[in-house]
Amino acid sequence: MALPILNTMTYDLELPSTGEQVTFRPFLVKEEKVLLMAAESGDQKDVIRAIQQIIKNCLVDSDLNVNNLAMIDLEYFFLQLRSRSVGETIPVTFKPDCFEECKQSITVDINVEQIKVEKSKEYDDKIKLTDEIMIKLKYPSVNDITNIAGKQTATEQLFSIIENSIEYIAVGEEMYFAKDHTKKELQDFLNSLSAQQFTKVRDFYESMPRLKHTIEYECPVCKVADKKELAGLESFFTLA
């Protein structure tokens, strides 16, 4: 006689950067094992790849391309997925910033519902460079970011992200789509911008939304009340 297979509930989610609606199920033990193995490797790329695979597995009736998700969408999706799979609270461990002698680790439980998507400022993805020339940008995908991590200087990484995030360049009524042009052609275009024009482009990326949450805590050693801001997947990722 075959063993029973348990049914799972499904949940709806709106992706923060696009507003797209998706349906997902909680991850199961088989997926949690993938996550545990990735975490044990100590490599952030392995963790992100594991999260991408788990999201793919847990999507219900969706053709969403997980590899092309913006980082904020992957972060938000994973937090909601973890909340439905493991629990609504996440234990976050860190060391206080008060005094040198106060380096005793603190663990604080955070409710996932309290973690908000924040944007430093509103910024249009269609950036007017001159009266005739406009550039249309998109938020970089998770793959765009992980593929360049650790391989270049911070400046080179920024330029690579921008190259990969150009959708098209409009000159008057003419539109030049990035997918139809070589990497060198895109590099030459970016190198031709003035400092002011490039600042407009860079500001778009500095305005990218991120997961943020501020923890209020008391140091267990000196009893000083303090705050700590958490931002990004690496701050919230935990298997506990």
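This is a predicted model: local features need pLDDT of at least 70, side-chain atom pairs count only at pLDDT 80 or more; totals for chains, interfaces and linings use all residues.
Colleague: Which residues have the most contacts inside the largest nonpolar core?

Modeller: In soluble globular proteins, nonpolar side chains tend to be buried together. Here the largest nonpolar core has 34 residues. Those with the most contacts inside it are I135, L137, I166 and V201.

Colleague: Which helix gives the most to this core?

Modeller: The helix in question spans residues 195–206. It supplies 4 residues to the core. That is helix α7.

Colleague: Which residues does I135 touch, leaving out those up to four places away in sequence?

Modeller: I135 is among the residues with the most contacts inside the core. Two others from that group, I166 and V201, are on its contact list.

Colleague: How many disulfides does the structure hold?

Modeller: A disulfide needs two cysteine sulfur atoms within 2.5 Å. For C222, the nearest cysteine sulfur is that of C219, 3.7 Å away, so C222 is in no disulfide. For the structure, the number of disulfides is 0.

Colleague: Is C58 buried or exposed?

Modeller: Buried means under 20% relative accessible area. C58 has 1% relative accessibility, so it falls under that cut-off. By contrast, C222 is partly exposed at 26%. C58 counts as buried.

Colleague: Which strands are the edges of the open sheet?

Modeller: The sheet has 3 strands in the order β5-β10-β11, with antiparallel pairing. An edge strand pairs on one side only. The edges are β5 (116–118) and β11 (225–231).

Colleague: Which residue in β10 stands opposite V117?

Modeller: Strand β10 covers residues 210–218. It is joined to β5 by 3 bridges, and the two run antiparallel. The residue opposite V117 is L211.

Colleague: Which helix lies across β5 and β10?

Modeller: Its residues are 71–85. It runs at about 55° to β10. The helix is α3.

Colleague: How are α1 and α2 oriented to each other, roughly parallel or roughly antiparallel?

Modeller: The axes of α1 (residues 29–41) and α2 (residues 44–58) come within 8 Å and cross at roughly 170°. The contact involves V34 and L35 of α1 and I51 and I54 of α2, among others. Angles over 145 degrees count as roughly antiparallel. The two helices are therefore roughly antiparallel.

Notes: Residues are numbered from 1 along each chain as its sequence is written. Side-chain values use heavy atoms; hydrogens and water are left out. A nonpolar core is a set of buried Ala, Val, Leu, Ile, Met, Phe, Trp, Tyr and Cys residues joined through side-chain atoms within 4.5 Å. Buried means under 20% relative accessible area, exposed over 50%, partly exposed in between (1.4 Å probe, protein chains only). Contact means heavy atoms within 4.5 Å. Two strands pair if DSSP finds at least two bridges between them. Axes are lines fitted to C-alpha atoms, for helices over the stretch in contact, and angles run from 0 to 180 degrees between N-to-C directions. Angles under 35 degrees count as roughly parallel, over 145 as roughly antiparallel, 65 to 115 as roughly perpendicular and the rest as oblique.
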